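Hi,

Here is the structure I promised to hand over. My notes on it follow below.

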Amino acid sequence: MVTVPDTQPAPLRRDRSGGVLGGVCAGLGRRLGVDPLILRVGFVIAACVGGAGAIGYAICWALLPAARDAGTRGTLLARTVGRRESWMVASGLVLLMLAALLLFRAWGVWVGDAVVWPLVLATGGGALIWRQSQGPAVVTPPPPAGGDDRHAGAGARPRRLLRLARPSLGIVALGAALIVGAALVFLWLNGALVPDRDVTLAVLVVVTAMTLILAPWWLRLARGLTEERAERIRTQERAELAAHLHDSVLQTLALMQKRAEDPREVAALARRQERELRSWLNAGSRREPGASLAAALEAAVAEIEDAHGVPVELVAVGDRRLDERAEALVAATREAVLNAVKFAPEALISVYAEVQGDRAEVFVRDRGPGFDLAAIPPDRRGLRESVLGRMQRHGGHAEIHTRPGEGTEVELVMG
Amino acid sequence: MAALPRVVLVDDHGLFRAGVRAELDGLVDVIGDAGTVGDAIECIVAGQPDVVLLDVQMPEGGGVEVIRAVTPRRPAVRFLALSVSDAPDDVISIIRAGARGYVTKTISGPELAEAVLRVAAGDAVFSPRLAGFVLDAFAGQEGQAPVVADPELDQLTTREREVLRHIARGYLYKEIALRLGISAKTVEAHVSAVLRKLQLSNRHELSRWAVQRGWTQ
């Protein structure tokens with residue numbers, strides 16, 4: 001069984017089930033790991049001092065899509081006003097707009113009735129249309145096999161298609177009418193409807209109005225495409241996994257069937273495949289071979305396992321850079337493990353490495369027959385030279401603990 | 001021990017369940033097995049086994065979910081994790097959820113039976129790899145004054161560390177007792193104390209692993 005680790009942070013979405021107004025603070029809070037209350041207070045303060053908070057909130061509300069998983073509850077506002085959400089929001093925005101304009105007038109910045117009233121009208125209409133299109137982007141699932149009759153005709157359509165969340169046409173039409181009306185009022189008040197007046201201004205205003213009406217759908221489509229792309233990436237990952245399993249695991253299984261009469265060989269094959277699969281699954285978290293002591297030990301142990309078909313269990317705690325002395329330690333470990341493989345081929349071999357600060361220790365233990373240390377002839381180079389001698393030359397030391405019948409443990413200390 | 005411990009086997013691979021059943025035959029009393037989280041919870045609550053052999057990775061929440069659902073209703077049931085996974089976050093999470101130990105699926109039948117007996121008796125079972133993970137998680141950055149919320153829970157004593165290092169080196173409990181000049185019971189007490197710290201500590205590294213697996217208090 002394979003789990004692809006999901007390390008990506010949750011996407012930034014409005015959290016409608018936990019929200020009060022539009023779920024912006026709840027969504028931001030969830031993403032940032034901050035209590036939404038703090039954000040809410042921040043927005044309110046920013047709104048009271050200069051109004052930037054209200055504008056920022058409105059922009060966030062318009063641009064952030066709603067979270068998909070929490071559509072059933074709705075924000076506090078939506079729960080309070082029920083289905084009339086769009087109306088409430090529109091009138092709220094109109095009021096906000098009026099408030100802002102009054103604020104501007106109080107500051108002495110008054111652009112004149114010819115601009116203000118069309119603007120207020122357009123805000124209301126725009127809010128109606130935008131609210132209609134701000135529901136969660138819907139990707140329709142394929143119709144259930146043998147489902148009810150209403151879906152029977154849908155089977156012929158593409159498997160996944162984007163669909164608006166059933167906007168009520170009346171509201172959209174009204175919104176559009178408000179915006180167009182605002183545009184006309186603006187033109188009329190500025191005298192642009194008289195034929196010989198500035199045609200450019202008329203065109204500009206019409207284009208602006210059309211953009212306001214159509215932009216929400218366009219935005220929505222773009223969002224749907226993003227979700228489709230995510231789906232495509234998932235499919236690609238699955239295909240890559242299948243290819244890998246085919247190249248490695250199935251090949252090994254075939255080999256194992258051919259070598260079924262040799263249990264040792266089969267066990268070695270299985271172990272090598274296991275190691276390969278693990279390193280593939282943990283790609284990324286695995287250390288670069290050659291970069292650190294633990295990685296070098298891992299590589300050395302793997303090589304011995306492959307060459308001799310003996311399981312060696314490596315446990316490493318801590319790590320350090322692979323300098324000259326660490327390399328000597330790895331080489332000595334290698335020799336000690338090879339020695340264990342040679343003299344205790346049927347026994348479990350454990351390698352334990354621990355790094356603490358500058359000090360690195362490695363224990364190589366087998367449960368083999370053990371031997372009498374004093375009885376080793378002095379001309380045997382294996383342990384004496386390649387393990388003890390090597391450690392001493394690099395400023396470390398090595399000890400061998402063994403007695404006949406009790407297995408052997410080689411202790412290597414560096415630092 | 002008067003009677004064989006009663007065991008329920010939980011793993012989503014039927015072939016593996018059959019294999020373990022055959023290996024444990026006569027060594028413990030396997031009273032049931034289950035292949036899904038839901039079946040497992042039902043089977044354990046109804047059968048009230050002494051020990052549950054629990055796979056870590058299963059669909060619908062895995063072993064952690066089984067422990068979480070069963071423990072409030074059957075607090076006497078003990079869990080031993082049996083997994084192919086060697087990822088530290090898998091292992092640490094299942095231990096923190098309440099498992100009394102962790103062994104890998106390559107363990108031999110008699111060794112597994114011994115581990116079950118030990119868990120049934122209330123002891124903890126640490127494989128060399130688990131011991132390594134725990135040492136790593138509790139590794140004190142000496143000289144750097146680690147931020148320790150609760151020194152009693154967040155650090156290992158010298159003796160506990162010594163016992164864990166021997167487990168990681170591949171020694172059995174009785175060999176450790178012999179080498180350290182203490183009784184086997186004392187070794188077990190040390191391991192149980194480590195297990196308790198592992199489950200209760202709020203140490204950053206441990207909490208991080210729990211969060212990664214979507215498991216928090």
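**Cores**

Of the 106 residues in the largest nonpolar core, L297(A), V351(A) and L80(B) touch the most other members. A nonpolar core here is a set of buried Ala, Val, Leu, Ile, Met, Phe, Trp, Tyr and Cys residues joined through C-beta atoms within 7 Å. Buried means 20 or more other C-beta atoms within 10 Å of the residue's own, exposed means 12 or fewer, and partly exposed is in between, with C-beta atoms placed from the backbone. Helix α11 (residues 324-343) of chain A gives this core its largest share, eight residues. Helices (H or I, at least four residues) and strands (E, at least two) are DSSP runs, numbered from the N terminus. A second, separate core has ten residues, among them A122(A), A182(A), A183(A) and L212(A).

The model is predicted: local features need pLDDT of at least 70, side-chain atom pairs count only at pLDDT 80 or more, and totals for chains, interfaces and linings use all residues. Residues are numbered from 1 along each chain as its sequence is written, while chains are lettered from A and ligands numbered from 1 in the order in which they are written.

Back to V351(A). Leaving aside neighbours within four places in sequence, its contacts include L297(A), V301(A), V312(A), E313(A) and T333(A). Contact means C-beta atoms, placed from the backbone, within 7 Å.

**Chain B against chain A**

14 residues of chain B are in contact with 15 residues of chain A. On the chain B side, α6 (128-138) and α8 (158-168) each supply at least two residues. The largest share, five residues, comes from α6(B). By class, that side has five nonpolar, three polar and six charged residues. Nonpolar covers Ala, Val, Leu, Ile, Met, Phe, Trp, Tyr, Cys and Pro; charged covers Asp, Glu, Lys and Arg; the others, Gly among them, are polar.

**Helix α3 of chain B**

In α3 (residues 62-70), the buried residues include G62(B), V66(B) and V70(B). Their cover includes β1 (6-10), α2 (37-47) and α4 (88-97) of chain B. α3(B) and α4(B) pack at about 5°, axes 9 Å apart. They are therefore roughly parallel, a label for angles under 35 degrees. G63(B), V64(B), I67(B) and R68(B) of α3(B) meet S93(B), I94(B) and A97(B) of α4(B).

**One arginine**

R220(A) lies in helix α8 (residues 199-258) of chain A. It counts as partly exposed because it has 19 C-beta neighbours inside 10 Å.

Best wishes

Note on methods. Two residues are in contact if their C-beta atoms, placed from the backbone, lie within 7 Å. Axes are lines fitted to C-alpha atoms, for helices over the stretch in contact, and angles run from 0 to 180 degrees between N-to-C directions. Angles under 35 degrees count as roughly parallel, over 145 as roughly antiparallel, 65 to 115 as roughly perpendicular and the rest as oblique.
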